[in-house]
Amino acid sequence: LFHYFEMFLTKPTLHNPEVPLKTVVEIEVRLYGQSVTNNFAVKVSQTISEITNLIAKYYKFETDGRYGLCSELLNEENHFLVPSKPLNQQDVDFDGVFVFCTRVFIPSTPISKASDYIAFLLAESRDAIINGRWAAERDQAAKLAALYAQYNHGDFNPRIHTTRFYEDKLRFLVPEEFRSPPTVNKIIHEHQRLTGTPPSDAGYRYIEAVRLLPSYGDTFFRINYPTKSTNSRVDTLRINYTGLCHLQGDTSRVLSQWPLSNIKSWGVNTTGDSLTIVFTDGSFSCGSPDVLAIDKLIANYISLELARRTKPARTEKGKETCSVM
């Protein structure tokens, strides 16, 4: 069903008949959080899912569909290319840089301690923590900050890692509400305890700890929910790998929860300002300026779940085309 909705989310790329069509193009790709790019030769007829998995295979990342590509030229956060559509049907410029990042977050065990893999996952995890996207308590945030310091700066050195040192770096380590002297003292204490821990182990432990947080993978959307007493109420819709959760706006009380397996269908209305989701035991409707983002995220999680349930077909030798240049 998500393929049906994706037809309306991107416009096909127009082609000038006077210009010969290219069957293979080079795309420039960088991993999230890194500045270095690699050029890959790909077929324009390949879907984004195929291209992403082949890039993941090159970097020795998971190839289960959890990753995606974003256009760096677009300012919209998490503006992923449509996974099921070919590259030549995406509304993007091939000459721009594509960012390889996680499309759906699954709390699985990290598969290696390779430098590219750890740096990539660490950048995504740290950004989600310091931006408050994935909630952590003060002590948790301080322990994570110490692991990041061990990964980035090595063993604690009292001549370098002073109170002033951490005060200057707090904005890169913990959420804004924890940027205070008590947090600095806690980070220093935890960093001292990590003496002798290899940086790669510290990075690995950071990623593991983040994936154990109850909030890991959460994405929140402000929604307008219709009520009987008023026209609408501003609530929150939380989406993650387990399903959807409707939270009351002023109290964050859980009003309803639905696992992904209960979703039968969903769709955006013709004016693009409201969304209806049909479940096996009812339906849910809301308005939001982010309905298209909600629609895409639901499709992303369902497509991954379907891919995980379906054994992938074996590819004939020579069919895959994605070479690093």
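Modeller: A salt bridge is a side-chain nitrogen of Lys or Arg within 4 Å of a carboxyl oxygen of Asp or Glu, and Glu 62, Asp 64 and Arg 66 are linked in a network of such bridges. The structure is a predicted model, in which local features need pLDDT of at least 70 and side-chain atom pairs count only at pLDDT 80 or more, while totals for chains, interfaces and linings use all residues. Residues are numbered from 1 along each chain as its sequence is written, and side-chain values use heavy atoms, with hydrogens and water left out.

Colleague: What makes the contact between Arg 66 and Asp 64 a salt bridge?

Modeller: The closest N and O atoms of Arg 66 and Asp 64 are 2.8 Å apart, which is inside the limit, so the pair qualifies as a salt bridge. It is one of nine salt bridges that the structure holds.

Colleague: Which label do Asp 127 and Arg 126 receive, and why?

Modeller: Asp 127 and Arg 126 form a salt bridge, with their closest N and O atoms 3.2 Å apart. The relative accessible area of Asp 127 is 18%, so Asp 127 is called buried, and Arg 126, at 17%, is called buried as well.

Colleague: What is the arrangement of Arg 164 and Asp 168?

Modeller: Both residues lie in helix H5, four residues apart, which is about one turn of the helix; helices here are DSSP runs (H or I, at least four residues), as strands are (E, at least two), and both are numbered from the N terminus.

Colleague: Why is the pair of Trp 258 and Phe 279 called stacked?

Modeller: Rings of Phe, Tyr and Trp (its six-membered ring) pair if their centres lie within 6.5 Å, and planes under 30 degrees apart count as stacked, over 60 as edge-to-face and the rest as tilted. A search of the whole structure finds 20 aromatic pairs. In one of them, Trp 258 and Phe 279 are 4.5 Å apart centre to centre, with 10° between the planes, and the pair is stacked. Trp 258 lies in strand E8 (residues 254-259) and Phe 279 in strand E10 (residues 274-279), so the pair ties together parts that are 21 residues apart in sequence. Trp 258 and Phe 279 are both buried.

Colleague: How do you know that E10 is paired with strand E11?

Modeller: Two strands pair if DSSP finds at least two bridges between them, and six bridges join E10 to E11 (residues 282-287), the two running antiparallel. The bridge partner of Leu 275 in E11 is Cys 286. With two residues between them, E10 and E11 form a hairpin.

Colleague: Why is Cys 70 said to be in no disulfide?

Modeller: A disulfide is a pair of cysteine sulfur atoms within 2.5 Å, and a search of the whole structure finds zero of them. For Cys 70, the nearest cysteine sulfur, that of Cys 101, is 3.5 Å away, and Cys 70 is in no disulfide. Cys 70 has 8% relative accessibility and so counts as buried.

Colleague: What makes the link between His 191 and Gln 150 a polar contact?

Modeller: A polar contact is a pair of N or O atoms within 3.5 Å; within protein, one must be able to donate a hydrogen and the other to accept it, and residues adjacent in sequence count only if both atoms are side-chain atoms. The side chains of His 191 and Gln 150 are joined by such a contact, at 3.2 Å, and the side chain of His 191 makes another with that of Tyr 166, at 2.3 Å. His 191 is found in helix H6 (residues 181-193), and its relative accessible area is 0%, so His 191 is buried.

How values were computed. Buried means under 20% relative accessible area, exposed over 50%, partly exposed in between (1.4 Å probe, protein chains only).
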